[in-house]
Amino acid sequence: MNMTQYLAEVRPAIEVTIAAIWGDIRDLDLLTKEVRHLTDRTHAEYDRVDSVLSIDPNDDEGLATMQYWDTYFGVDKDRFYKNQSLEELQQRVDLKRFSLNVLSGSVLQIGKQGMSIANNGLDASAAGRLVGTQPLKNVIWQGRNQAMHWEEGRLNRAVQDCFATLAADIDGKFANYSNESMAFHVLQLLNWTSFDAFSADMMSLSA
């Protein structure tokens, strides 16, 4: 079986899995931006209240008081409900963190299996693009191994070297490879947000 045939077989699983992984992440990002915008507006409105009070601490006309309650019942109230939604979504994302890593590990597993089935393994695969200073094939292979075996506490030297290099090249978070699954971080790093992105990378590994 060549890589083209392999990718045709796994396409349905990859499409469903990648969509599930990125759906909640996109939702969280959008909601976080909304809350940040509302928070900035709220702070600006309260600063206006402080400004009025600093000019006229007696506020005989009640301008600052009106501004305060307008802010509270307007943008601040919206922010309160947005924050509730954000907290609920964040809880969902936190609860799904394990499953997200499992799903991400599954994608890495499918990638690794493609190298084994279509290319006869890591050494026989083409290098692919560079990820930092490492070939793509190594990041996929060792990323899969880290995701599958980190809890055992016996990661081999190839995995340790790969993630130490990712930490040095890309982001220090990869140095935590002994304590948690790095599967989602690796998927994010590879920018596998669609089957097409996954497929293009896998085809580049064909010997």
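Modeller: Helices are taken as DSSP runs of H or I with at least four residues, strands as runs of E with at least two, and both are numbered from the N terminus. The model discussed here is a predicted one.

Biologist: With that in mind, how many helices and strands are there in the protein?

Modeller: Read along the sequence, the elements follow the pattern α-α-β-β-α-α-α-α. Counted by kind, the protein therefore comes to 6 helices and 2 strands.

Biologist: Among contacts between residues at least 6 apart in sequence, what percentage join residues at least 24 apart?

Modeller: A contact here requires heavy atoms within 4.5 Å. Of the contacts in the protein that span at least 6 places in sequence, the share joining residues at least 24 apart is 71%.

Biologist: Which element gives the largest share of the largest nonpolar core?

Modeller: This core has 41 residues, and Phe-163, Leu-190 and Phe-198 touch the most other members. Two or more residues each come from α1 (3–55), α2 (63–119), α3 (136–149), α4 (157–169), α5 (183–190) and α6 (195–204). The largest share, 9 residues, is given by α1.

Biologist: How many Å apart in space are Phe-184 and Asn-101, C-alpha to C-alpha?

Modeller: Phe-184 has a relative accessible area of 5%, so it counts as buried. Leaving out residues up to four places away in sequence, Phe-184 touches Ile-21, Trp-22, Ile-25, Arg-97, Asn-101 and Ser-104. Although Phe-184 and Asn-101 are 83 residues apart in sequence, their C-alpha to C-alpha distance is 5.2 Å.

Biologist: Is the aromatic pair of Trp-192 and Phe-198 tilted or edge-to-face?

Modeller: Trp-192 is buried, with a relative accessible area of 0%, and Phe-198 likewise counts as buried at 0%. The ring centres of this pair lie 4.9 Å apart, with 80 degrees between the planes. Planes over 60 degrees apart count as edge-to-face, and the pair of Trp-192 and Phe-198 is therefore edge-to-face.

Biologist: Which element gives the largest share of the lining of the largest pocket?

Modeller: About 190 Å³ of space lies in this pocket, and its lining is made up of Phe-98, Asn-101, Val-102, Gly-105, Ser-106, Ala-147, Met-148, Trp-150, Glu-151, Ser-181 and Ala-183. The elements that give two or more residues to the lining are α2 and α3. By residue type the lining divides into 6 nonpolar, 4 polar and 1 charged. The largest share of the lining, 5 residues, comes from α2.

Biologist: Asn-120 has a positive phi although it is not a glycine; is Asn-120 buried or exposed?

Modeller: The phi of Asn-120 is about 65 degrees, and the residue is found in the loop between α2 and β1 (130–131). Because its relative accessibility of 67% is over the 50% cut-off, Asn-120 counts as exposed.

Biologist: Where is the place of Asn-191?

Modeller: Asn-191 also has a positive phi, of about 60 degrees, although it is not a glycine. At 48% relative accessibility, Asn-191 counts as partly exposed. Its place is in the loop between α5 and α6.

Notes: Residues numbered from 1 in each chain as written. Predicted model: local features only at pLDDT ≥ 70, side-chain atom pairs only at ≥ 80, totals over all residues. Heavy atoms only, no water. Core = buried A, V, L, I, M, F, W, Y, C linked by side-chain atoms within 4.5 Å. Buried < 20%, exposed > 50% of the residue type's maximum accessible area, 1.4 Å probe, protein only. 1 Å grid on protein atoms, 1.4 Å probe; cavity = no way out; pocket = protein on both sides within 12 Å on 5 of 7 lines; lining within 4 Å. Points joined across faces, edges and corners; volume = space filled by probe spheres on them. Nonpolar A, V, L, I, M, F, W, Y, C, P; charged D, E, K, R; others polar. Phe/Tyr/Trp six-rings, centres within 6.5 Å; stacked < 30°, edge-to-face > 60°.
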